[in-house]
Amino acid sequence: MLDLASYAVFFLVTALGFTLICLGLNLQWGFTGLFNAGVAGFVAVGAYVSAILTTPASAQHLGGFGLPVAIGWLGGAAAAAATAAIVGIATLRLRSDYLAITTFGIAASLLAVAQNAHSITGGPFGIAFIPRPFAELSDRPALYDTVYLALMAVLVGIVFLGLERLLHSPWGRALKAIREDEIAAAALGKDPRRFRLEAFVMGSAVMGLAGAAEAHFVGFIAPDEFLPILTFQAWAMLIVGGSGNNRGAVLGSLVVWILWSASGTVMHGLLPADLQVRGAALQIVLIGVLLAAMLVLRPRGLVGERIIVSRHIIAADRDAGAVPGPASTGEVP
Amino acid sequence: MTPQLLLDGVLLGSTIGLASIGLTLTYAILGFGNFAHGELLSWGAYLALPIAGLVSGALVTEPLGALSFGWPLVAAAFIAMALTGALAFALDRILFGRLRRRGGAMTPVIASFGASLALRNFIQFVFGPQPAYYSRDLQIAMPFGPLRITPDQIVVLAVTAVLVVGVHLLLSRTHLGRAMRATAENPQLAQIAGIDIAGVVRNVWLIGGALAAAAGVLVGVTVQLSPGMGFDLLLPLFAAVILGGIGSVPGAVVGGLVIGLAEAVSGPLVGTEYRTAVAFLVLLVVLIVKPTGLFGGRS
């Protein structure tokens, strides 16, 4: 029973890490229409920078700064934001799919650095002994995990509410306006490049924070955790949940993570040991088909986007006796 | 910079160029960067593997001259090219085409991302993660001036040259080729001019898929087969396409050669493990300096 509870807590912490990534991606894709094909790279930057800032000195990798965990998290988020700024400044002025290719490229390059720059990242062995917050609880693992879960929940809550507030502000409405009709928005004096860059950088900072938070929970990171499959999982979560809606991002991350873990457990139980690797491959095939099917059959996702975001308009509609219209049957932006 | 490095770069670059022809054509004509294009290489290579075994009963299996392979692989390569073309077209019918009709420029890109993972992992599911080979025979490189080159590598260069010239003639001399180029330039205008857009789209997938499969078989002959072989080339493919200018076939081939040479020449300087980053840097420089690419294209 205790095992089950501790598994549930571990499972939820990981799921909430994905929720954070998904919220960052939703700001980029769902609200701004920016295709980030290198999510894993930004998560990796956050995890590695936070780990390097906080770990004790080690001969295996760069480190020895021994900074507090909170500084590490902020540093990780800032580094991911800086990476995004470089990529964004170079490509956001070009056609939108160039961003997809560039982000894909930066993630692949960062993975190569993580795997090979031994003196900085520890190479394939990664970075161990990443300090855990609340170290005084570490002799009581169950309590520690629960406290960490609460911390993650608070973190998700803050990011969720912050994003909601931003997106319902004039800034958020400008983002949507640019996504829907760039020329019209520019004619109203909104600089599309500036808004896109801000959204892209902010979303990547959230991804970096997610990477840092997960790294300090597990206490160990290695390049294998930041393969392109991570990017794919984040996308599957957002599309299934419903892009353009933060509730959709939260729901999607939980649903897909449950599906992912459950199918993994089933494969693990059904297949003999020598077929485990192939079973893992089949699991990815299934999730890939799920993503494609969702795009074709139910492009809004489970929740879908709310078309009207201004509470003034919603209130005015209510006063006029009109029921706010359901979200359009439209497609993914 | 030794001549041998240059040869390695040309070998790699010609494969990249060959495979990126399909990518540049679908990019221009259908308006989306297909992240699943690399998987067409892998599928071509892996389809040829069992087919070569199947047809070897009907054909002389002795290797051809000094080469590592015989007629079965040649026959299998043609069958794999046809099947991969059909696979690419089928993907468009069931997935990309539907999303394209619904509008939303980036939705097919997301779908291709999902298709890429599904296709790649299906290969890993069937064949396992370990590398595979068409032939276990070791080839001895022959001295060729200051270079050493294997007979297989000479065949790779020759086949690539023949295919590239063939595609160029097809595009420049035939009605289908003109229709394809016109559609790439301006789909609406092409349709008004009476061009059968659906036919062009079908042929683009068939040709692009077949060329990617050919590139996959050539990589399989000179290097090895692995489920990630096409995905690993995806960034170089995109870099070649953008460097050459989207929609330009000569551009894609030249772009491929430039990327291949850049990866080979930089190998001793930064280490071959940073190959990916080299292709990425070339891409980034092109995007900053000349985003329309060397051969025009649209930005």
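Q: What share of the 333 residues in chain A is buried?
A: The model is predicted, so local features need pLDDT of at least 70 and side-chain atom pairs count only at pLDDT 80 or more, while totals for chains, interfaces and linings use all residues. Residues are numbered from 1 along each chain as its sequence is written, and chains are lettered from A and ligands numbered from 1 in the order in which they are written. A residue is buried if 20 or more other C-beta atoms, placed from the backbone, lie within 10 Å of its own; it is exposed at 12 or fewer and partly exposed in between. On that test, the buried share of chain A is 48%.

Q: How many helices does chain A have?
A: Helices are DSSP runs of H or I with at least four residues, strands are runs of E with at least two, and both are numbered from the N terminus. Chain A has zero strands. Its helix count is 13.

Q: What is the radius of gyration of chain A?
A: The radius is taken over C-alpha atoms, and the globule rule is 2.2 Å times the number of residues to the power 0.38. For 333 residues the rule gives 20 Å. Chain A is close to that, so it is as compact as a globular protein of that length, with a radius of 20 Å.

Q: Which pattern of secondary structure does chain B follow?
A: Chain B has twelve helices and two strands. Read along the sequence, they run α-α-α-α-β-β-α-α-α-α-α-α-α-α.

Q: What share of the contacts in chain B between residues at least 6 apart joins residues at least 24 apart?
A: Two residues are in contact if their C-beta atoms, placed from the backbone, lie within 7 Å. Of the 299 residues of chain B, 55% are buried. Among its contacts at a separation of at least 6, the share joining residues at least 24 apart is 78%.

Q: At what angle do the axes of α2(A) and α4(A) cross?
A: Axes are lines fitted to C-alpha atoms, for helices over the stretch in contact, and angles run from 0 to 180 degrees between N-to-C directions. The axes of α2(A), residues 39-54, and α4(A) come within 8 Å. Ala44(A) and Tyr48(A) are among the α2(A) residues in this contact, and Ile106(A) and Leu110(A) are among those of α4(A). The crossing angle is roughly 35 degrees.

Q: Which helix gives the most to the side of chain A that touches chain B?
A: The contact takes 38 residues from chain A and 39 from chain B. On the chain A side, α3 (69-91), α4 (96-116), α10 (228-241) and α12 (276-297) each supply at least two residues. With 13 residues, the top contributor is α4(A).

Q: How many residues of the side of chain A that touches chain B are nonpolar?
A: Ala, Val, Leu, Ile, Met, Phe, Trp, Tyr, Cys and Pro count as nonpolar, Asp, Glu, Lys and Arg as charged, and the others, Gly among them, as polar. This side has eight polar and four charged residues. The nonpolar count is 26.
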